[in-house]
Amino acid sequence: MDIDQEGELVRPESTQIILPSEAYPGIVQILPQAHRPFFPGQVVPIILNASIWQGVLEKMQAREQAYFGVVLLRRDLKEDEQPVADDLYDMGCLCRIHQVRSEGEHLQVLLEGLQRFRIRNWLQTETPMSAAVRYYPDQGETQSEEEKAYAVAIINIIKELIPLNPLYGEELKVFLTRSNPNQAALLADFAASLTSAGKEDLQAVLERINLQSRLALVVELLHKEVEIAGAQMEIRQHVEAEIQGHQREAVLKQQLKYIQKELGIAKDDKTAELDLFRSRVKELELPEMVQQRFEDEIRKLSLLETGSPEYGVTRNYLDWLTNLPWGRFSTDNLDLVQAERVLARHHEGLEDVKQRIVEFLALGQMKGAVGGSIICFVGPPGVGKTSLGRAVAEALQRRFFRFSLGGMRDEAEIKGHRRTYIGAMPGKLIQGMKDAGTANPVIMLDEIDKIGTSFQGDPASALLEVLDPEQNSKFRDHYMDVDFDLSKVLFICTANQLDTIPGPLLDRMEVIHLSGYLHNEKLAICRKHLIPRQLERAGVTRQDIKLDAAALRTVIDGYAREAGVRRLDKAMATMVRKAVVKILRGEPVPIRIGKNDVAEYLGQPVYTNEQTLAGVGIVTGLAWTSAGGATLPVEARVVHRRQAGLKLTGQLGTVMQESANIAYSYILSCGEQLGLDDFFADAFVHLHVPAGATPKDGPSAGITMASALLSLALGRAIKPGWAMTGELTLTGKVFPVGGIQEKLIAAKRQKIKRVILPAANKADVLSIEEHNPKVTSGLDIHYAGSYNDVVEVLF
């Protein structure tokens with residue numbers, strides 16, 4: 001007999017021999033296999049779904065046919081997806097059913113691989129599938145020298161694998177008890193089943209009909225297996241060596257600890273912590289009540305086991321208690337000259353604020369120490385409130401701690417959580433005292449006007465105890481539950497406005513207003529502070545980038561007109577960045593930025609000059625905004641004379657609308673005295689306050705509106721260069737208003753020379769002249785106690 005190219009037996013037609021394989025059924029039930037193919041000679045149990053295969057197995061037993069054709073799936077199926085014929089390979093392995101055991105919804109079937117087959121055609125393509133098959137029997141013992149050589153190579157490689165993984169040895173023993181090692185076909189299939197190769201590689205072995213080709217492929221797979229097993233052995237040995245090293249180290253440490261304990265050289269963890277807390281307390285001056293609490297907690301800690309949850313809670317409490325600066329104070333530097341030098345170095349302008357701080361320090365020098373005080377800096381954003389607090393701490397040489405109250409909603413942030421809660425911690429104040437390390441630091445409460453309230457409590461109410469000099473000497477945090485003295489702390493609060501601060505809280509603070517910077521002060525700040533800082537951040541010097549004074553003035557007027565200097569700082573940063581880009585692109589240094597170059601760096605100006613309107617019925621007022629002062633023109637016109645009335649526009653608030661009605665009523669009531677005849681008898685007057693998109697409110701435009709109505713009625717325009725502010729009553733009295741310094745700055749910015757103010761604000765002007773004379777220089781200020789004084793000046 002001969003063998004064809006595919007390894008199939010070719011018998012002469014005259015030969016009529018029935019081979020054992022021809023006794024196998026030509027039609028078999030096909031069992032899909034998901035992970036690995038079956039090989040002849042392999043005995044493996046598998047699990048089947050009883051609902052699908054129970055009936056099939058019963059029919060097979062009835063026909064006394066105990067065979068399955070096991071075929072590998074080409075792809076992974078989704079959950080609950082049933083395979084079809086196209087999902088299976090063509091080559092499989094015929095298996096004999098040896099044992100079937102029912103286990104609930106599953107069947108455990110023991111299968112023995114017998115022979116390869118190829119599916120010729122499908123009889124049923126859905127589960128349970130069946131097909132007509134063609135068998136490929138293997139030859140008996142090894143015949144050719146090449147096959148013997150391959151067989152010996154396979155056995156030698158398996159011997160290499162046995163030391164790397166003992167499981168290979170057990171598998172080899174089972175194979176030798178059931179098979180003849182001289183049968184190269186069985187040996188190749190056994191060796192392939194040993195490997196951890198992928199299902200595609202194993203299927204390739206199954207489909208190799210030619211024995212020599214199959215043996216060569218198996219040898220290749222075994223070599224890969226040796227490499228994998230060797231790498232696994234190396235990793236395992238490395239891990240075991242590390243584990244043994246750590247175990248040895250742990251044992252030696254434990255032995256050393258025991259020996260040191262026996263000799264009295266070392267102590268256990270609990271004893272060491274107890275000694276640590278006691279050594280900390282020796283350096284502190286604890287009040288009697290705190291000392292008693294410390295002794296109680298130390299006694300409790302010594303009785304607790306280290307694994308107890310209460311041990312951790314008590315230990316953390318003692319850690320906080322002994323880290324607080326009980327009786328530890330820093331020495332204040334009360335040198336007024338040094339304080340003035342520090343304030344001048346940190347801030348340009350704000351002379352009145354600096355003077356007030358120096359006066360505060362002078363009182364401390366007279367008494368010998370600066371006691372606990374509560375100061376509140378109020379002013380627009382960017383005027384230096386926070387940095388001013390740092391300067392005060394530096395001048396006093398005290399520790400500085402800052403935390404923001406903006407958006408704070410939980411009073412536990414101030415007074416801490418009770419120790420009964422998991423993860424409880426002290427409040428921010430106690431944390432600040434621990435971080436500062438002294439009992440008299442400077443603590444800054446930033447954004448106190450933006451504090452919130454919620455169902456968790458009211459932090460503003462919790463601050464009442466903190467900021468009350470009569471109470472904060474016995475401040476009790478919920479977590480610490482002992483009194484701590486805050487009376488030596490200098491509290492500095494910052495706010496943009498006072499309206500949102502609760503009255504009782506505001507009453508406890510000494511308010512210092514920061515009105516903002518003048519044009520010249522901004523110029524000096526830019527030169528001395530902002531430009532050097534931005535140049536340093538960019539890694540360049542004044543020799544690389546030069547900004548002209550005219551360019552700086554243009555930036556201040558057109559891009560940074562607010563009271564503070566934050567926008568000015570951002571503008572400087574933008575200009576420096578763009579100049580650095582030019583330097584890196586090879587442009588010659590220094591890069592000079594002049595007045596005409598500003599738009600190239602910053603774009604078109606954000607602010608344009610406020611138009612000073614003039615004419616009959618038009619008067620310029622002065623207003624205060626959160627960004628500083630501004631001019632506020634008021635326009636009055638007669639719409640028609642069919643019916644008397646007054647119309648107001650310009651997004652006026654309730655108070656400002658009332659001021660307009662008061663001004664209208666007053667002018668009507670004094671018509672004869674002012675020589676108006678019957679002008680308003682049938683006139684419908686429209687009063688407008690530009691710009692219409694900006695909301696406005698407040699009583700300070702009263703005399704401005706009355707003057708606009710009077711100018712309209714008399715038909716006389718007010719001379720240019722006048723501005724005014726003041727609240728007007730129904731009887732013609734002029735009441736004082738706020739924001740005088742900001743309003744005067746706005747008048748100077750618009751080149752207004754003559755200003756009318758309420759007579760009651762004369763004291764404010766005198767204070768401004770004393771502390772900041774630049775604000776009032778060049779202004780002709782007139783004071784009015786009643787509206788008649790305004791009429792005499794204007795008309």
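Ile740, Gln741 and Leu744 of helix α24 meet Asp764, Val765 and Ile768 of helix α25, where a contact means heavy atoms within 4.5 Å. By residue type, that contact splits into 4 nonpolar, 1 polar and 1 charged. Here Ala, Val, Leu, Ile, Met, Phe, Trp, Tyr, Cys and Pro count as nonpolar, Asp, Glu, Lys and Arg as charged, and the others, Gly among them, as polar. What you're looking at is a predicted model, in which local features need pLDDT of at least 70 and side-chain atom pairs count only at pLDDT 80 or more, while totals for chains, interfaces and linings use all residues. Residues are numbered from 1 along each chain as its sequence is written, and side-chain values use heavy atoms, with hydrogens and water left out.

**How confident is the model?**
- The chain's average pLDDT (the predictor's confidence in each residue, from 0 to 100) is 81, and 90% of the residues score at least 70.
- Residues 1-19 have a pLDDT below 50, and beyond near neighbours in sequence this stretch makes 18 contacts in the model.

**Helix pairs**
- Helix α24 (residues 740-749) packs against helix α25 (residues 762-771) at an angle of about 70 degrees, and their axes are 10 Å apart. Helices (H or I, at least four residues) and strands (E, at least two) are DSSP runs, numbered from the N terminus. Axes are lines fitted to C-alpha atoms, for helices over the stretch in contact, and angles between N-to-C directions run from 0 to 180 degrees.
- On the α18 side the contact comes from Leu552, Val555, Ile556 and Tyr559, and on the α19 side from Arg567, Leu568, Ala571, Met572 and Met575. Those residues divide into 8 nonpolar, no polar and 1 charged.

**The parallel sheet**
- An open sheet has 5 strands in the order β10-β11-β14-β9-β15, paired in parallel; two strands pair if DSSP finds at least two bridges between them. β10 (400-404) and β15 (510-513) sit at the edges with a single partner strand each, so one side of each has no neighbour in the sheet. From one strand to the next, the twist averages 20 degrees.
- β9 (residues 373-378) and β14 (residues 490-495) pair over 6 bridges in the parallel sense, and isoleucine 374 stands opposite phenylalanine 491 in β14.
- Helix α12 (residues 385-396) packs on this sheet and touches β9, β10, β11 (442-446) and β14; its direction makes about 165 degrees with that of β14.

**Antiparallel strands**
- β5 (residues 67-73) and β6 (residues 88-103) run antiparallel, joined by 6 bridges, and valine 70 has cysteine 93 in β6 as its bridge partner.
- β6 also runs antiparallel to β7 (residues 106-124), with 12 bridges, and arginine 96 stands opposite glutamate 112 in β7.
- The β6 and β7 hairpin has 2 residues between its strands, and glycine 104 there takes a positive phi near 70 degrees.

- The peptide bond from valine 589 to proline 590 is cis, with omega near 0 degrees, and proline 590 lies in the loop between α19 and β17 (591-593).
- Glutamate 447, a residue other than glycine, has a positive phi near 55 degrees; look for glutamate 447 in the loop between β11 and α15 (459-466).
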